[in-house]
Amino acid sequence: MRSPVSRRHVLRDVAAGLSAAALPRLAQAQSAAQPPAAPRPAAKPNPYRVNEPVSIEVNARPLPSFDIRDRARVRFGALEYRSGLILTSSFSGFGGLSALRLDAKGERFIAVSDQGSWFTGRIVYRGREMAGLDDVEAAPLLGADGKPITATRGWYDSESLALDGSFAYVGLERVNQVLRYDFAKGFTRSRGEVVPLPPAARKLPLNKGLEALVFVPKVMAKGQALAGTLIAFSERGLDASGNLIAFLVGGKTPGQFSVRRTDSFDISDAVLLPSGDLLILERKFSWLGGVGIRIRRLALSDIAPGAVVDGPAIFNADLGNEIDNMEGIDAHVTDEGETVLTMISDDNFSLIQRNLLLQFTLVE
């Protein structure tokens, strides 16, 4: 979802009140009295969309501390700040980063932009701290026809990403669809196939729909009911009790469940830890209270069709910290055995927002 901070609202035409029967007569009268209308000019290309693969340069400025009020502070709930970067690029399509997945070492990454683009590359470290990005490439998300989904379907708002071996699942919020890519057939040049979803997914509200995807690998959840299941969370699709709707797609127990909604937070992403626990990244916005983010821990074993799951908050931050519109989260384990959480923000291609890349150690 685009953060409310950007205040981008889509204007819609209002019907003039003419009856269906009157419209043909009106059109005939106008055509008789007026010369043919000049053709409309072609729509301007969207500068934020990627039409073909391209290598780009991304600049990184370090964030030595996370707390603006106390620069020496490093502990925030169950997280300990490691390092952060402010990312910029002269490439106009860089931004809108809404989901992020890392390799086992926390180096190679793949991300999606809400403008229907892939971003891949490598995080460069200096010791335990991030120093920059290298080998960055942008490429369009392709449909089954091999063409960019933004060009042929008008699909964009790619907000979520889950990996299952060579397969990648991408969630499209505005149309509440999921595309599956087989990276063995060309990596980011592979073609997406639509994944069947429960009918209720199509009823999610506009711009509050599918926001987070997590795949439960069979190896991790061997013998569990959710093994081989894609979990799809809505941002603010609410059930009858006002809780956040989520879906179990595929696997042994497909169905719908809910995440208890508290304190006006909405879901922006989720990640499955090696321990089997699930972390959900949440955010909220109000004109009085500003922006807030938090992370909640859920037990994977609590998730089942019809369940309402809840869990404790392990991290909270607000505008007194170096945050923005945080939309992506992932986890990896270092050689020293530390679980590192990486978060990324979506700048909405706005001059007043930032692309942030933040890392924390999860203190068990």
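Biologist: In this predicted model, how many residues lie between S22 and S23 in their hairpin, and which glycine in the turn has a positive phi?
Modeller: S22 and S23 form a hairpin. Five residues separate the two strands.

Biologist: How many bridges join S22 to S23, and which residue is the bridge partner of methionine 326?
Modeller: S22 covers residues 326–333, and S23 covers residues 339–345. The two strands run antiparallel, joined by seven bridges. In S23, the partner of methionine 326 is serine 345.

Biologist: How many of the eight residues of S22 are buried?
Modeller: Buried means under 20% relative accessible area. By that cut-off, strand S22 is mostly covered. Its buried residues number seven.

Biologist: Which residue in S10 is the bridge partner of leucine 161?
Modeller: S10 spans residues 167–172. S9 and S10 pair in the antiparallel sense over six bridges. The partner of leucine 161 in S10 is valine 170.

Biologist: What percentage of the residues in the chain is buried?
Modeller: The chain has two helices and 24 strands. Its accessible surface comes to about 17300 Å². Of that surface, 53% belongs to carbon and sulfur atoms. Of the 364 residues, the buried share is 52%.

Conventions. Residues numbered from 1 in each chain as written. Predicted model: local features only at pLDDT ≥ 70, side-chain atom pairs only at ≥ 80, totals over all residues. Heavy atoms only, no water. Pairing = 2+ DSSP bridges. Helix = DSSP H or I, 4+ residues; strand = E, 2+ residues; numbered from the N terminus. Buried < 20%, exposed > 50% of the residue type's maximum accessible area, 1.4 Å probe, protein only. Areas by Shrake-Rupley, 256 points an atom, 1.4 Å probe, with all protein chains shown as cover.
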